[in-house]
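Please open the model in your viewer and keep the sequence beside it. The tour below moves from one selection to the next and says what is there.

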Amino acid sequence: LQIFKGLPEEIKQRIFKNPEGFTTVFIETIKNTLADHIAARIEYRLTGDLMNYDEEELFPESRKFPQKELVDGADWSLYDQIQIDSDIEKNFVLYKLNEDSNIICYFKFPNKFKISIPKIIGNYNPDWGIIRLSEDGKFKLELVRETKGNVNPNLLQFPNEKRKIDCATKHFLQTGVNYKQIRGDEVVWW
């Protein structure tokens with residue numbers, strides 16, 4: 001109500017011409033402003049609490065895929081077939097990942113894997129995880145890549161995608177995992 005009262009009089013009068021349309025735009029504008037505020041100011045801290053995921057449920061020995069496009073995986077993919085959601089993801093999967101000799105395997109994050117983000121933005125499911133051989137000789141999830149077709153988050157189709165990527169960037173910074181948005185066809189993406 002205070003926000004509405006603060007509007008210029010000529011804007012407030014629009015509510016009488018189209019009450020439903022006005023309130024829809026008014027509320028959506030407030031929600032978007034709040035979501036932008038949260039995404040810009042959210043902070044993540046490592047607490048030691050682990051999210052409860054059943055590894056077998058996330059990465060079963062074999063998977064049933066819904067009727068979406070599948071492409072053959074490479075020798076270094078986790079599964080022999082990879083479900084893709086776009087041509088951008090297809091380019092990423094088909095691109096030669098073996099340029100980086102430390103890559104053990106890559107995988108598409110299952111839909112059940114989510115990074116907690118406030119509800120107004122919505123939880124985030126990253127695209128790709130890349131497991132590499134770390135400097136100490138251990139397998140480590142070292143890279144997470146988001147394939148969106150461009151690297152400018154301001155040019156994404158939906159504003160909420162930018163907010164999720166902004167939050168994910170802060171999340172992965174705290175975990176020490178290298179995260180970034182890529183086009184999917186870069187020569188050097190790692």
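In which loop is S134 found? Select S134, and you will be in the loop between β4 (128-133) and β5 (139-147), where strands (E, at least two residues) are DSSP runs numbered from the N terminus. Before going further, note that this is a predicted model, in which local features need pLDDT of at least 70 and side-chain atom pairs count only at pLDDT 80 or more, while totals for chains, interfaces and linings use all residues. Residues are numbered from 1 along each chain as its sequence is written, and side-chain values use heavy atoms, with hydrogens and water left out.

Is S134 buried or exposed? S134 has 11% relative accessibility and therefore counts as buried, a word that stands for under 20% relative accessible area, whereas exposed stands for over 50% and partly exposed for what lies in between (1.4 Å probe, protein chains only).

Together with I104 and L133, F139 forms a nonpolar patch on the surface, with about 280 Å² of accessible area for the three together. The areas come from the Shrake-Rupley method with a 1.4 Å probe.

Rings of Phe, Tyr and Trp (its six-membered ring) pair if their centres lie within 6.5 Å, and planes under 30 degrees apart count as stacked, over 60 as edge-to-face and the rest as tilted. Select F109 and F113, a stacked pair with 4.8 Å centre to centre and 25° between the planes; F109 is buried at 6% relative accessible area, and F113 is buried at 18%.

Then select Y124 and Y179, whose ring centres are 6.3 Å apart and whose planes stand at 90°, so the pair is edge-to-face. This pair links distant parts of the chain, with Y124 in the loop between β3 (103-108) and β4 and Y179 in strand β6 (residues 178-182), 55 residues apart.

Notes:
Helices (H or I, at least four residues) and strands (E, at least two) are DSSP runs, numbered from the N terminus. Patches are made of residues with over 30% relative accessible area and no salt bridge: like charges are joined within 9 Å, nonpolar side chains (Val, Leu, Ile, Met, Phe, Trp, Tyr) within 5 Å. A salt bridge is a side-chain nitrogen of Lys or Arg within 4 Å of a carboxyl oxygen of Asp or Glu.
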